[in-house]
Amino acid sequence: MQDATAQMALLQFMTAGKKTAAVPSTVHCDHLITAKVGSKTDLQVANSGNKEVYDFLSSVSSKYGIGFWKPGAGIIHQIVLENYAFPGGMMIGTDSHTVNAGGLGMVAIGVGGADAVDVMAGLPWELKWPKLIGVKLTGKLNGWATPKDVILKVAGILTVKGGTGAIVEYFGDGAQSMSCTGKGTICNMGAEIGATTSTFGYDESMERYLKATGRTDVAELANTVKEHLTGDPEVYADPAKYFDELIEIDLNTLEPYINGPFTPDLATPVSKMKEAAAANGWPTKVQVGLIGSCTNSSYEDISRAVSLAEQVANKNLKAKAEFTITPGSEQIRFTIERDGFIDTFNKIGAEVFANACGPCIGMWARAGADKKEKNTIIHSFNRNFAARNDGNPNTYAFVASPELTTAIAIAGDLTFNPLTDTLVNEKGETVKLDPPTGHELPPRGFAVDDAGFQAPAADGSGIEVKVAQDSDRLQLLYSFPAWEGTDLKGLKLLIKTKGKTTTDHISMAGPWLKYRGHLDNISNNMLIGATNAFNGKTNSVKNEISGTYDEVPKVQRAYKAAGLGSIVVGDENYGEGSSREHAAMEPRHLGVRAILVKSFARIHETNLKKQGMLGLTFADKNDYNKVQEDDSIDILGLTSFTPGVPLTVVLNHVDGTKDEIKANHTYNAQQIEWFKAGGALNIIRANAA
């Protein structure tokens, strides 16, 4: 669990009646540190400003047998890869990029906090059986091509929802030729295609990484059963027979990609970027290049990027864009500092941020972002939705490998192709960047003074977890009410969203992260980033009581105060992106009864079910167009709610006419019980009592 989602997960777990977590569990403080000045100052500010939250997480972790990684220790997924991931294991994490651990042969799946509560309470965890997508990799990466380019290309092929409901398995001689951390990068960004998870079979690169990170015993155990930690030979010999979908990529000819702007699946080969930027009017002057994050902060990534930074001085160049590095862990930061990499980056004017998520999740106090000026940045992160990184919707963010990000930051030009283009140095000479080089693992081994880990208490029964009643950061939870036993009638339409409605649109991150432990306060950001289909505006919806337009949370609070239920209608892949369950808990808390959309992203749909909400999809997607702004909406069939049987939705229009449509659902018998009980946690509490 990372600290932003752990707050709500552990607030829920505290009410489950358990003495300790049933499975090995950890908390990682990485989301609440704002990148502004530099690592040392930013960490001091975070420790001071978030003291109440960190103290809560530290004490609740110690009480319930949960490992605690302190602020500055690093990003959850890098820490997990370095310390916990192992071949053949299954793990869940309250972050969509939990899938990063597939790089070490795990089945690692991102979930909402309520799922984590179930598992920590000792309950089985369930998932609709996924289909299989196979990606056969042949050849070997060379020159400027990197593992990041594999997933950027796959994202272009499958799109942001092409992996939904599927596990993606990478195999072939090309897969075996990659480093373990490179495999992690590919699996990490599997979240951006909606995949349940991505994984690789166990091989020698994983063995090398396990041994380099102090886990020789795990590597030796894996070697004794290695034939069982990868696919069967007949599967790889005839993959089309075994996979539901098959993609083949030749690494020998793979070109570097740049994906974006505003979506991670708009894939453009670097050789085509000049043409694409001109055709689309994208600003090509790059203001900032950012490398690191949970996706690309391995020793290999940083060593290859530093080989380009070294050329700036050696070839009398000057970096044209600002440049930042976000190390993935204190072990990585300490090791790259020891090996002189940070000194090299400093010479080109780079800023090293804290070992935390920072700009990748919007925790970046970027100077001038409030002016909302049109500009371009490029980074090696995983997501680039509008306003995600710096809060500016006019920032055109592009995703690339750390190597290409570094090269383009040096050039200051989005259309720069280091494979073919030259630069003019400070002496007026024409020079060309050499392809990046680096080390898979540090030749002198990893090193760290204080990794930042706090072990739980041997006996936590005497530890008191305090939450102040007047806190604006933390709030103890109450039980959501059970279903009233009737069909839902007279629901007000809160909003009909148009286009992308990610979890960022439903519950923004950035400055709102500080309220992740206070459900009522964070509910003031509910759906403020979503576009209203009727007026094209964000955070502006019609209050059916007053007839006036107001902010979404204010209108919903008015409905709740009046005892009126409401419904949200949405577009395709509703809830894509982060695993944050606040996007489900906020509407539940404020009285929204149902979400009716064209299609859901997997994690968000599950989160809605866990909280006792109705998550429905149009049986006919064209029925989305029948929903009118002033409709009063009924949901019928709940008294006989049954798996596989659609519900009926009646759209009562203001002119007295009505449309009766069908709404599908994916609730199984257990999930229907969650709905009836008012949420899965209510059932856990009842059973514990």
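How much space lies in the second largest cavity? About 180 Å³. Bear in mind that this is a predicted model. Some notes from going through it:

1. Staying with that second largest cavity, its lining is made up of 24 residues. His31, Asp95, His97, Ile361 and Arg388 are the ones nearest its centre. By class, the lining splits into eight nonpolar, ten polar and six charged residues.

2. Stepping back, the cavity count is seven, taking those of 30 Å³ or more. The largest cavity holds about 230 Å³ of space. It has 22 lining residues, and Ala191, Gly194, Gly577, Ala601 and Ile603 sit closest to the centre.

3. Which helix gives the most to the lining of the largest cavity? Helix 22, residues 602-610, with three residues. The lining as a whole has eight nonpolar, ten polar and four charged residues.

4. On to packing. In soluble globular proteins, nonpolar side chains tend to be buried together. Here the largest nonpolar core has 134 residues. Leu10, Leu137, Val150, Tyr170, Ile258 and Phe345 have the most contacts inside that core.

5. Now for strand 26, residues 647-652. Why is strand 26 largely enclosed by the rest of the structure? Because six of its six residues are buried. In a regular strand the side chains alternate between the two faces of the sheet. In strand 26, Leu647, Val649 and Leu651 are buried on one side, while Thr648, Val650 and Asn652 are buried on the other, leaving both faces covered.

6. Strand 26 also has partners to look at. Strand 25 (residues 632-636) runs antiparallel to strand 26, with five bridges joining the two. In that pairing, Ser632 stands opposite Asn652, the residue already noted as buried. Strand 27 (residues 658-664) is antiparallel to strand 26 as well, over six bridges, and here Val650 faces Glu660 across the pair.

7. Last, the turn. How many residues lie between strand 26 and strand 27 in their hairpin? Five. One to check in the viewer is Gly656 in the turn, where phi is positive at about 95°.

Technical notes:
Residues numbered from 1 in each chain as written. Predicted model: local features only at pLDDT ≥ 70, side-chain atom pairs only at ≥ 80, totals over all residues. Heavy atoms only, no water. 1 Å grid on protein atoms, 1.4 Å probe; cavity = no way out; pocket = protein on both sides within 12 Å on 5 of 7 lines; lining within 4 Å. Points joined across faces, edges and corners; volume = space filled by probe spheres on them. Helix = DSSP H or I, 4+ residues; strand = E, 2+ residues; numbered from the N terminus. Nonpolar A, V, L, I, M, F, W, Y, C, P; charged D, E, K, R; others polar. Core = buried A, V, L, I, M, F, W, Y, C linked by side-chain atoms within 4.5 Å. Buried < 20%, exposed > 50% of the residue type's maximum accessible area, 1.4 Å probe, protein only. Pairing = 2+ DSSP bridges.
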